[in-house]
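Please open the model in your viewer and keep the selection panel at hand.

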Amino acid sequence: MPEVSRRTFVRGSLAAGGGGLLAASLPATAHAAEVTVTDPAGTVTLAADTASGAIRLLDAGGVHRLTLTHFKYSNSARTFGASSVTTNGGTELTVVYVTQDPSVTVRAVAVVGLRKARIRWEVAGAGAAPDQFAIARTTVGATMTYRPVALWNREPGGGIPYETTHGAGYAFDYADTRLLLRLRDSTPGFGDDTWLNAPGVASGGGYVTEAVLVPGLMRPHAAGVIARDIVTPLGVELWADQPFHVWPSGGAKTVNAQVVNSESADREVRLSWTARTWDGAVQSGTAGPVTVSPRTVWNTSFDVVLGGRDIAFVEAEVTDGTATAFTRTNLAVLAPFTYQAGAASRFGVSNYPWLLSGPGPDETAALLKLIGMKWVRTAYAGAPGIPPADLDRHGLLHNVQLGDFDEGMPADPAAWAGSMVDLCVAAGARYYECGNELNLPSPGVSPAAYVDGALRPLRSVMRNRPDATFKVMTCGLAGMDSVWLDGFGAAGGWGEVDVFAYHPGRGNYVADYSPPEPWLEPDGDRLPVFWNFIGSLRKADAARASTPDGRKELWLTEAYASTLPNRWWTDTYRHAAENVLLQLMFARAYDVRCVTWYTLDDGIEQQPREAHPGDIEYHFGLLVRDRSPKPSLLAFATAARFIDQAEYLGRVTFSDPEVKGLLFDTFAVLWTRHDGYVLNNDPARRDPANPDYYRTPEPWLDPWPTKTPVSLPTPAATTTVREVNAIGQETLHTAAGGRVTVTLDGAPRIVVGLELTTTATYPV
């Protein structure tokens with residue numbers, strides 16, 4: 001498996017901004033001399049100032065909504081005014097700009113059409129840096145959020161549908177309307193309140209970048225379909241007016257749908273929808289036909305009925321008989337729960353929830369608490385995410401993960417250590433995780449350099465700071481790297497830390513797969529089996545127990561169950577839920593102090609809400625891209641609720657070695673491995689032409705063929721035994737004569753009401 005460092009996904013990046021360039025001194029230009037163009041229907045007007053070159057957008061009512069003021073063609077140079085503004089007919093204008101660098105030429109060609117305007121900047125010259133292109137804008141009474149344009153696709157060879165991104169969208173919300181500005185590509189963090197990052201591509205002898213503007217009272221997805229370069233006649237989006245599509249109780253839930261006609265002629269459309277629950281039960285319906293005018297939307301809705309603990313996978317398709325479009329979302333029910341563990345909680349989130357659009361910080365904090373997360377891995381002044389004071393207000397505990405070791409150890413270790421202690425104290429951090437994945441080839445910091453250049457200076461400062469009461473963690477190791485850890489111990493590192501932190505990782509194996517050694521190639525490279533969960537956890541537990549004091553805490557600061565679609569190396573949505581449950585149960589069994597889940601939602605900090613079906617980094621969340629729940633979210637809550645204050649007693653042994661069990665003081669977890677330990681290994685789901693491709697089954701399909709009935713003992717007075725599946729759904733079994741029969745397979749089940757011990761061997 002390729003080794004990918006996640007340092008940037010934890011710390012963020014400000015690498016290519018140049019954002020402050022003259023941002024505070026952009027001129028306010030009077031509109032005394034403008035050249036205007038308007039589409040024939042009068043739905044959009046562009047007005048270019050003949051002196052400044054600034055381009056204003058006015059909507060169908062003639063209301064000024066947005067101005068594009070300047071163009072930056074490198075981090076240090078931009079346009080200054082216009083040398084000419086001309087029109088070509090009534091719908092196209094051209095602005096030729098004055099530039100700081102005489103070797104660079106910039107011109108904009110703007111065209112208006114029905115509810116749509118396109119502005120194309122053409123740049124040439126040796127001083128042009130296309131990756132640094134940016135557009136300066138000012139808005140009139142609007143808030144802006146980043147909303148990429150994503151469309152659903154069906155794989156011709158089978159497998160589950162997936163999303164792809166078709167441009168970067170910036171959505172402007174006004175009191176009375178909306179506007180979408182679509183770019184081919186953009187990184188929000190490389191811009192600021194003035195500039196939008198808009199990298200160019202080669203064209204002719206220079207470079208181009210484009211912005212498409214779509215004004216109108218429609219959602220960003222619909223506007224994005226209209227703005228897309230390749231014509232998509234129809235589009236559809238689903239959403240619910242409930243944060244994260246997670247309700248506290250069951251019943252009928254309203255799903256909203258917005259259909260868009262992106263073309264210039266009327267279309268008569270019909271919407272059909274289907275909702276499937278965890279066990280495959282189906283609800284469905286239709287709406288329409290309805291005639292949708294050119295570049296407008298049709299809003300409708302339908303109800304899906306959910307049980308008391310439930311998840312529904314909803315798909316809607318719109319068609320006019322010739323063109324179709326479809327979309328998906330998920331709905332879930334998760335009742336409130338009062339956790340008792342408090343500061344002893346064993347669960348949290350690794351990366352900040354990168355919810356830069358959608359539900360806000362308060363709703364996000366509420367979701368964290370609902371699923372049992374008490375800890376946030378990193379929070380400090382100036383970091384993205386929910387600020388420390390707000391986390392305190394919500395009763396969430398927080399740490400700091402930081403190091404700045406990308407270029408190696410600090411040049412001035414004492415000064416670095418002093419600043420880090422100041423930051424952690426000011427943030428109110430309970431723990432400080434010193435660096436991240438330093439055992440990967442980049443930055444490739446040796447254990448000895450790390451101990452001498454970071455940990456010892458840090459401890460030296462802390463000894464003289466009574467307010468430095470936080471505990472110190474190792475950097476979160478990428479995998480259970482015994483070689484690096486041996487070097488760490490030899491350098492005296494264990495004496496400088498309170499906690500061993502690592503990132504277990506896991507390929508297409510069940511969570512309880514402990515592959516035989518070796519896990520490394522003779523040259524030290526990692527074999528795929530290196531990325532296993534329980535085998536690495538056992539090694540980590542042994543490593544912390546063998547430290548000089550034998551009392552180091554163990555944290556899994558990046559745990560995950562990736563759902564990259566149609567790939568053999570990762571989990572299906574159903575397997576992910578099962579593995580989430582089992583990973584958290586094993587973490588409790590091995591007395592892991594805390595598991596912080598890698599990320600709450602699919603996506604990465606730099607490209608929030610983008611869809612990348614081939615990049616694993618975009619698929620680690622408990623929520624899918626539209627912020628609706630994966631089954632994994634319910635599985636996390638299920639595990640957290642049962643583990644809350646539970647004590648682990650040991651393994652349950654059966655006469656059949658492929659029947660497995662973990663015993664806690666109030667419940668047992670039972671499963672089998674008759675169907676093996678390797679997932680996504682069905683030859684019928686593979687594509688011989690593409691060895692990486694694996695047709696992922698839908699989440700409502702049961703993937704375990706072998707069912708094993710097991711008769712289990714119960715207390716004499718027990719008449720009912722509760723069986724709880726991975727997502728928390730309950731089945732009741734009748735016990736008689738001190739026995740109950742439960743059918744097991746590869747999916748772990750929680751069973752409450754048994755009378756098991758860790759000393760007996762139970763027949764199968």
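Burial is judged by relative accessible area: buried means under 20%, exposed over 50%, and partly exposed in between, with a 1.4 Å probe and protein chains only. The model is predicted, so local features need pLDDT of at least 70 and side-chain atom pairs count only at pLDDT 80 or more, while totals for chains, interfaces and linings use all residues. Residues are numbered from 1 along each chain as its sequence is written, and side-chain values use heavy atoms, with hydrogens and water left out.

**Stop 1: charged pairs**

Select R456 and E496. They form a salt bridge whose closest N and O atoms are 3.6 Å apart; the term denotes a side-chain nitrogen of Lys or Arg within 4 Å of a carboxyl oxygen of Asp or Glu. R456 lies in helix α6 (residues 447–463) and E496 in the loop between α7 (482–490) and β33 (499–503), so the pair ties together parts that are 40 residues apart in sequence. Helices (H or I, at least four residues) and strands (E, at least two) are DSSP runs, numbered from the N terminus. R456 counts as partly exposed because its relative accessibility is 31%, whereas E496, at 13%, counts as buried.

Next, select E315 and R154, a salt bridge with its closest N and O atoms 2.5 Å apart. This pair links distant parts of the chain, 161 residues apart: E315 is in strand β24 (residues 310–319), and R154 is in the loop between β11 (150–153) and β12 (162–165). The relative accessibility of E315 is 17%, so E315 counts as buried; R154, at 41%, counts as partly exposed.

Proceed to R749 and E723, where the closest N and O atoms of the salt bridge are 2.9 Å apart. R749 belongs to strand β46 (residues 749–752) and E723 to strand β43 (residues 720–724), so the pair ties together parts 26 residues apart in sequence. Both residues, R749 and E723, are buried.

Then select R107, R118, R120, E122, R182, E210 and D229, which salt bridges with shared partners join into one network. The structure holds 43 salt bridges.

**Stop 2: cysteines**

How many disulfides does a search of the whole structure find? The search finds zero, a disulfide being a pair of cysteine sulfur atoms within 2.5 Å. Select C434 and C475: the sulfur of C434 has its closest cysteine sulfur in C475, 7.8 Å away, which is too far for a bond. C434 is buried, with a relative accessible area of 0%.

**Stop 3: nonpolar cores**

A nonpolar core is a set of buried Ala, Val, Leu, Ile, Met, Phe, Trp, Tyr and Cys residues joined through side-chain atoms within 4.5 Å. The largest has 103 residues, of which I371, Y432, Y450, F500, M585 and W597 touch the most other members. Centre on I371: leaving aside residues up to four places away in sequence, I371 touches L334, Y339, L600, L622, L633, F636, A637 and A640, where contact means heavy atoms within 4.5 Å. A second, separate core of 41 residues includes L93, F172, L181 and A211.

**Stop 4: the whole chain**

Along its principal axes, the C-alpha trace spans about 90 × 70 × 50 Å. Of the 764 residues, 59% count as buried.
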